[in-house]
Amino acid sequence: NLLAGPIKAGKTVGMFMFEEKYETIKAKMKKIVGEEYIEGNNKIFTHNTEQDHLWTLLNLADVIEQWFTKCDVILVDHLQAIFESAAVLKGDDQWNVQKVFMNRIRRIMAKKENESKAVILISHISKNAQAKGANKIQGTHGINEYATKVLEVSKDAEGHSSLKQWHSRHN
């Protein structure tokens, strides 16, 4: 899990899990980092995404910005869940809204007080076998344009995991 290291290091983490119930998240995190890091921990926040709340990408960005007053690392899993269910205002182009969201997250991260913090945005990849590298990401190219790093986690036919870095603004 991408949050195991920060949790064990005592960092404050926030999680938006759009397709998981809180109890499922808690059980998985106990398996990953151990019960001692979960029970009574006031440094792990999860947002109840099961609420009948009409999410927009921009109000998600607002909540991420608010959470950075208390969190060091925020994980959003997964972008397609919010992209597909996001309320798009009449006349708005969904691809443009995604680009605006990614640009907003980049601006939040660029603030001096956030320079040691991280947002991890999980994205599914396209099933298009012709797509290569960062072009496999589903959705707008805004994800590639505004992300500081694009990492691909995959498994081969034998079940071996691999991690590839396709893009970095800092290299």
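Let's start with Val153, which counts as exposed because its relative accessibility is 63%, and exposed means over 50%. In this predicted model, Val153 is found in strand β5, which covers residues 149-155. Together with Leu151 and Leu163, Val153 forms a nonpolar patch on the surface. The accessible area of these three residues together is about 330 Å².

Now turn to helix α2, which runs over residues 22-33. How far does α2 reach from its first C-alpha to its last? The span of its twelve residues is 16 Å, close to the 16 Å expected at 1.5 Å a residue. Look next at which of its residues are hidden: Ile25, Met29 and Val33 are the buried residues of α2. Seen down the axis of α2, the buried residues fall within an arc of 40°, so they line one face of the helix.

Following α2 comes Gly34, and its phi is positive, near 100°.

Finally, find Arg104 in helix α6, residues 94-110. Is Arg104 buried or exposed? Arg104 is buried, because its relative accessible area is 17% and buried means under 20%. Leaving aside residues up to four places away in sequence, Arg104 touches Leu58, Ala61, Asp62 and Glu65.

Definitions and conventions
Residues numbered from 1 in each chain as written. Predicted model: local features only at pLDDT ≥ 70, side-chain atom pairs only at ≥ 80, totals over all residues. Heavy atoms only, no water. Patch = residues over 30% accessible without salt bridge, like charges linked within 9 Å, V, L, I, M, F, W, Y side chains within 5 Å. Areas by Shrake-Rupley, 256 points an atom, 1.4 Å probe, with all protein chains shown as cover. Salt bridge = Lys/Arg side-chain N within 4 Å of Asp/Glu carboxyl O. Helix = DSSP H or I, 4+ residues; strand = E, 2+ residues; numbered from the N terminus. Buried < 20%, exposed > 50% of the residue type's maximum accessible area, 1.4 Å probe, protein only. Expected span 1.5 Å × (residues − 1). Arc of directions from axis to C-beta. Contact = heavy atoms within 4.5 Å.
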